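Below is a set of questions and answers on one protein model. Each answer ends on the value or name asked for.

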Amino acid sequence: MTTDVTDTGLGTIRAGILGGGFMARVHRTAARDAGAELRAVATRSAAGSRDAAQALGAERAEVDAAALLDAADIDVVHICTPNTTHADLALRALNAGKHVICEKPLATTAEDARMLAETAETRGRVAAVPFIYRYHPMVREARARIAQGEAGELLTLDCSYLQDWMLLPSDDDWRVRSESAGASRAFADIGSHLCDLIEFVIGERIRTLSARTRRVFPERSGRVVDTEDIVAVLVETESGALGTLLISQMAAGRKNALTLELHGARQSLRFEQERPEELWIGMREESRLLLRDPAVSAPDAARLQRVPAGHAMGYQDAFNGFVSDVYAAIAGAQPEGLPTFADGYRSAVLTEAVLDSAADGGRWVEVAA
């Protein structure tokens, strides 16, 4: 079972949220599930803050981010704003003595992400990035089985993250333009999740990669597009396993299809985020479909399961587990697998490696440690 803040001895955690969109609603739900009080919300305007506070059920609206960051009655700040604002807001929150949960990408450059990770460590604050797919129980089950050697030596990887929300030229969003999203869209937005999950599950890092990107439409809704729609990556891990990664926001019919297929010398393991209750295990003599069941799961998978087998768990449950672990860490616990600002820095390093490789025609590049 995940840890509720009522179990930590800290008392009630007081949360503030910067932003008022879909992700703010997800964070709000998770914070309340973990027993926190949502004290305040702030967006880019006072009017927007009032609307968001009402929609999210916060105690009050702050006129701007500065007021929320300065508030004495907030322990942890959830940053759910456009990408290019993350680094500045996270740094200000840390300097104000707050714990921080910052949406990814943590920063639009690896140097800024490194600085944030170092600042969080220096100030002794819990600082986390919602790589929440780590919190699907069957992901933890796959990780445990690989760590125990059940799959054998890792040989190859076949992984993808496919969506279709940018399929049409009329599809538009703030993420399309680098001025608000940073230099990368598809990889920084969803490829970052995929690479974090790969490295988390296999227990080793991507050592080298070769990448190509594609921007399908030069304009969307009459405005210039300067970020990629599709990324294809070849990778080699530290142990020598080879892999293919496909990231696309233009795959018709795919809504949030994050898939890991890992091929070991003895077994293959396949996890699909849209089928989170299942883990496929392939062997030469047979294949099995393992269904989520806390009674027979690895301990780290079992602790994330709040309901019995047969009662489906999904995305919000994973997010709830992540926030619960963050709050437990604030109270002094050391939850297994919590993604921190160090992981956000790692993601930024991978993003820059992908962009560098793609800019040079797919040249193989070493990924910094």
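A residue is called buried here when its relative accessible area is under 20%, and exposed when that area is over 50%. The model is predicted.

Q: Is Arg140 buried or exposed?
A: Arg140 belongs to helix H6, which covers residues 137–147. The cut-off for a buried residue is under 20% relative accessible area. Arg140 has 1% relative accessibility, so Arg140 counts as buried.

Q: Which residues does Arg140 contact, leaving aside its neighbours within four places in sequence?
A: A contact requires heavy atoms within 4.5 Å. Pro299 is 159 residues from Arg140 along the chain, and the C-alpha atoms of the two are separated by 9.0 Å. With neighbours within four places in sequence set aside, the contacts of Arg140 are Arg134, Tyr135, Phe200, Asp300, Ala301, Arg303, Leu304, Glu336 and Gly337.

Q: What does the radius of gyration of the protein come to?
A: The secondary structure consists of 11 helices and 17 strands. For 369 residues the globule rule gives 21 Å, and the protein is close to that, so it is as compact as a globular protein of that length. The C-alpha trace spans about 60 × 50 × 40 Å along its principal axes. The radius of gyration is 20 Å.

Q: Among contacts between residues at least 6 apart in sequence, what percentage joins residues at least 24 apart?
A: Of the 369 residues in the protein, 56% are buried. Counting contacts between residues at least 6 apart in sequence, the part that joins residues at least 24 apart is 69%.

Q: How far apart do the centres of the positive and negative side chains lie?
A: The accessible surface comes to about 15200 Å², with 49% of it belonging to carbon and sulfur atoms. There are 40 positive and 53 negative side chains, and the distance between the centres of the two sets is 2 Å.

Q: Which strands stand at the edges of the sheet of 6 strands?
A: This open sheet has the order S3-S2-S1-S4-S5-S6, with parallel pairing. An edge strand has a single partner strand, so one side of it is left without a neighbour in the sheet. The edge strands are S3 (60–61) and S6 (127–128).

Q: Which residue in S5 is the bridge partner of Val76?
A: Strand S4 (residues 76–79) pairs with S5 in the parallel sense, over 4 bridges. The S5 partner of Val76 is His99.

Q: Which residue in S17 is the bridge partner of Leu209?
A: In the open sheet of 9 strands the order is S16-S15-S14-S13-S7-S12-S11-S8-S17, and the pairing is mixed. S16 (287–291) and S17 (365–366) are its edge strands, each pairing on one side only. S17 pairs with strand S8 (residues 206–214) in the antiparallel sense over 2 bridges. The S17 partner of Leu209 is Val365.

Q: What is omega for the peptide bond from Lys104 to Pro105?
A: Pro105 sits in the loop between strand S5 (99–102) and helix H5 (110–123). The bond from Lys104 to Pro105 is cis, with omega near -5°.

Q: What is phi of Ser221?
A: Ser221 lies in the loop between strand S9 (219–220) and strand S10 (223–224). Ser221 is partly exposed, with a relative accessible area of 47%. Its phi is positive although the residue is other than glycine, with a value near 50°.

Conventions. Residues numbered from 1 in each chain as written. Predicted model: local features only at pLDDT ≥ 70, side-chain atom pairs only at ≥ 80, totals over all residues. Heavy atoms only, no water. Rg over C-alpha atoms; globule rule 2.2 N^0.38 Å. Buried < 20%, exposed > 50% of the residue type's maximum accessible area, 1.4 Å probe, protein only. Areas by Shrake-Rupley, 256 points an atom, 1.4 Å probe, with all protein chains shown as cover. Lys, Arg positive; Asp, Glu negative; His and termini not counted. Charge placed at Lys NZ, Arg CZ, Asp CG, Glu CD. Pairing = 2+ DSSP bridges.
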